[in-house]
Amino acid sequence: MTIHPKWLERHYRHFHEALRGAERGDDQWACYNAYVAVRTLLLGILGEDPYAPKMGLYSLPSLARKAMPVLNPEAEKCASCLEDWFGKPAVRCLRCAELLTEALQATLRS
C-alpha cells in the first residue's frame, strides 16, 4: 500500500506543529494539530485524493476503524480523545497521536 506524498507531508507538518505547541504550552494548538496529523495519515491510508475539494465528514474513530483491521481498545480511546481535542492537555494529545501513528505504521507494514 502506498500513500500519496502530500498526505505524508501534511502529517509531518501538523505533527511538528503539535510538538511546537506543546513546547510553548499551547494545549489547544498542540491538540488540534495532533488531531489533524492523525486524520491526514488515516485519509492517506484509505486512499483518499489529497487534492479533492472535500474530504467527507467522518469522525476519527470511524476512519481508524476503516483503516485498521484490528483496532485495539487503547487506540480507539485515543481516536475518541483526539476527536474531542478541545480542552485536553497537550501531553495526552501527543501521546495519543503517537500511539495511533505507530498503530497505522504497523498496519502499513503488514
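Cys31 has 0% relative accessibility, so it counts as buried (buried means under 20% relative accessible area, exposed over 50%, partly exposed in between, with a 1.4 Å probe and protein chains only). Keep in mind that this is a predicted model, where local features need pLDDT of at least 70, side-chain atom pairs count only at pLDDT 80 or more, and totals for chains, interfaces and linings use all residues. Residues are numbered from 1 along each chain as its sequence is written, and side-chain values use heavy atoms, with hydrogens and water left out.

So who does Cys31 pair with? Cys31 forms a disulfide with Cys93, the two sulfur atoms sitting 2.1 Å apart (a disulfide here is a pair of cysteine sulfur atoms within 2.5 Å). The torsion about that S-S bond is 95°, making the link right-handed. Cys31 lies in helix α2 and Cys93 in helix α5 (residues 90-109), so this pair ties together parts that are 62 residues apart in sequence. Helices are DSSP runs of H or I with at least four residues, and strands are runs of E with at least two, numbered from the N terminus. Cys93 is buried too, with a relative accessible area of 0%.

Helix α2 covers residues 27-45, which is 19 residues. From first C-alpha to last it reaches 27 Å, close to the 27 Å expected at 1.5 Å a residue (the expected span is 1.5 Å times one less than the number of residues). Of its 19 residues, 15 are buried, so α2 is largely enclosed by the rest of the structure. Just after α2 comes Gly47, with a positive phi of about 80°.

## The other bridge

By the sulfur-distance rule there are two disulfides. Cys78 and Cys96 make one of them, with their sulfur atoms 2.5 Å apart. Its S-S torsion is about -65°, so this disulfide is left-handed. Cys78 lies in helix α4 (residues 73-83) and Cys96 in helix α5, so the pair ties together parts that are 18 residues apart in sequence.

Both ends are tucked away: Cys78 is buried at a relative accessible area of 1%, and Cys96 counts as buried at 2%.

Number the bonded cysteines of the chain in sequence order and the pairing reads 1-3, 2-4. Cys81 is in no disulfide; its nearest cysteine sulfur belongs to Cys96, 4.3 Å away. Is Cys81 buried or exposed? Cys81 is buried, with a relative accessible area of 4%.
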